[in-house]
Amino acid sequence: METKITKKTKKTGTTETAQAKLVRKRSVSRKLLLEVAQTLEAASSWILFSHMKMDGDAIGAATALFEAGLLRGKSVRWTGPDPFPPVYSFLAHVEEYTVQKEFRFDRKELCVFLDSANEDRGVKGLRGEAQGAFILNIDHHGDNSRFGTLNCVDSTSSSTAEILWRVMKEAGWPITLRIAESLYTGIVADTGNFVFSNTSGRTHLVAADLLDRGVDPTRIETTLRQSRSIQGMLLWGVALTRMSCWGEGFAMTWLSQEDFQRTGAIESDTEMLVNQLLLVRGVRFAVLFVEEEGRAIKVSLRSKEGVVPAVFVAHSLGGGGHPRASGTRLELPLDKAIETVRETLESAYAEWASAAR
Ligand SMILES: [Mn+2]
């Protein structure tokens, strides 16, 4: 279970629990944003990495930076361990993405990790291979392990796309329509159209700037969300039919490999599904179990206000993420995974409730 490690913080001399650390927001200075731009500027070749099961923010950030790199005369590559989800095909440069399970790179390239809380979310073998390489780590996950040579980790930003916008503004780089569309896509993906708790006034200001540059929000909404496959909808139907609630506003559902085969849906069709469980009145914590092709179980966790933050539960299970949107992967059969997560959630809730009292 979650162990309470207390550590003196440098500034205040007060103690902070390991749990409190997971939800504390940290911002980066303008100086650091400029240093990121200078680091990019100084390299002639960039290799961009997107994390496993790449999402809208990882893709939006990578395609925006790809375009910015070309405009600055850089040679740019983009890679990651998983196939590209077709729903994002409308963005610029998506055809440049290549799947790389094992990492091969040229030491002259600047390695840029986007939206990846740790190097394990990237390409296998990177840790050894990349020794001596310069790793630029740009991310907004509060639990980022700061694995880079230069780390720009800002958990006050809604998305990696929002951080990139700040980098580009700080450096005075042009934000073209293609860059704007990519950044906007990253922001709407990670904020659930500006409603998740990571949405700030600045997020809206960034979005306003992107709309002023010609982004058409209706077109993006139509392309991104109103473009589900019938197979994907049938899969959601299966999951929602199985939904169950228990305890202190907890809800869960699950999908097996057989469900994917029967409906013809693909794994990226589960994106946003866990959030639907939160639509039920009284539900404050939602869990989705998805059996992956390798039989491991992907566990997605979402929490609202007034309940143990999802990231506490994720960390107790060896995973991570954002305070209210986190996940983990369990090498267990589905029924055992469900049992383990239920027990962990209940005891994390009890610990959180007694600390909050
Ligand atoms: Mn993100």
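Predicted model: local features only at pLDDT ≥ 70, side-chain atom pairs only at ≥ 80, totals over all residues.
The expected span of a helix is 1.5 Å times one less than its number of residues.

View 1. Helix α3 covers residues 56-71, 16 residues in total. From first C-alpha to last, α3 reaches 22 Å, close to the 22 Å expected at 1.5 Å a residue. Of the 16 residues of α3, 14 are buried, and the helix is mostly covered.

View 2. The domain assignment divides the chain into domain 1, residues 6-224, and domain 2, residues 230-356. Between the C-alpha centres of domain 1 and domain 2 there are 25 Å. Domain 1 contributes 13 residues to the contact, and domain 2 contributes twelve. On the side of domain 1 that touches domain 2 there are five nonpolar, six polar and two charged residues.

**View 3. Helices α5 and α6.** Two packed helices are described by the angle between their axes and the distance between the axes. For helix α5 (residues 160-171) and helix α6 (residues 177-191), the axes come within 7 Å and cross at roughly 140 degrees. From α5, the contact is made by Thr-160, Ala-161, Glu-162, Leu-164 and Trp-165. From α6, Leu-183, Gly-186 and Ile-187 take part. By class, the residues of this contact of α5 with α6 are five nonpolar, two polar and one charged.

View 4. Strand β6 spans residues 110-114, and five of its five residues are buried, so β6 is largely enclosed by the rest of the structure. Leu-110, Val-112 and Leu-114 point one way from the strand, while Cys-111 and Phe-113 point the other way; all are buried. Strand β3 (residues 45-50) runs parallel to β6 and is joined to it by five bridges. Within this pairing, Phe-49 has Phe-113 of β6 as its bridge partner. Strand β7 (residues 135-139) also runs parallel to β6, with four bridges between them. Here Val-112 is bridged to Leu-136 in β7.

View 5. Strands of a sheet pair through backbone hydrogen bonds, either parallel or antiparallel. This open sheet of six strands has mixed pairing and the order β9-β10-β11-β12-β14-β13. The edge positions belong to β9 (244-246) and β13 (320-321); each has a single partner strand, so one side of each is left without a neighbour in the sheet. β9 pairs with strand β10 (residues 250-255) in the antiparallel sense, over three bridges. In that pair, Trp-246 stands opposite Phe-250 of β10. Helix α13 (residues 334-356) lies across β10, β11 (285-291), β12 (297-303) and β14 (325-330). The helix runs at about 160 degrees to β11.

**View 6. The surroundings of Tyr-97.** Tyr-97 is placed in strand β5, residues 97-99. A residue is buried if 20 or more other C-beta atoms lie within 10 Å of its own. Tyr-97 has 21 C-beta neighbours inside 10 Å and therefore counts as buried. Leaving aside neighbours within four places in sequence, Tyr-97 is in contact with Trp-78 and Phe-84. Arg-77 is 20 residues apart from Tyr-97 along the chain, and 7.5 Å separate their C-alpha atoms.

Key
Residues numbered from 1 in each chain as written. Domains from an automatic or database assignment. Contact = placed C-beta atoms within 7 Å. Nonpolar A, V, L, I, M, F, W, Y, C, P; charged D, E, K, R; others polar. Helix = DSSP H or I, 4+ residues; strand = E, 2+ residues; numbered from the N terminus. Buried ≥ 20, exposed ≤ 12 C-beta atoms within 10 Å, placed from the backbone. Axes fitted to C-alpha atoms, helices over the stretch in contact; angles between N-to-C directions. Pairing = 2+ DSSP bridges.
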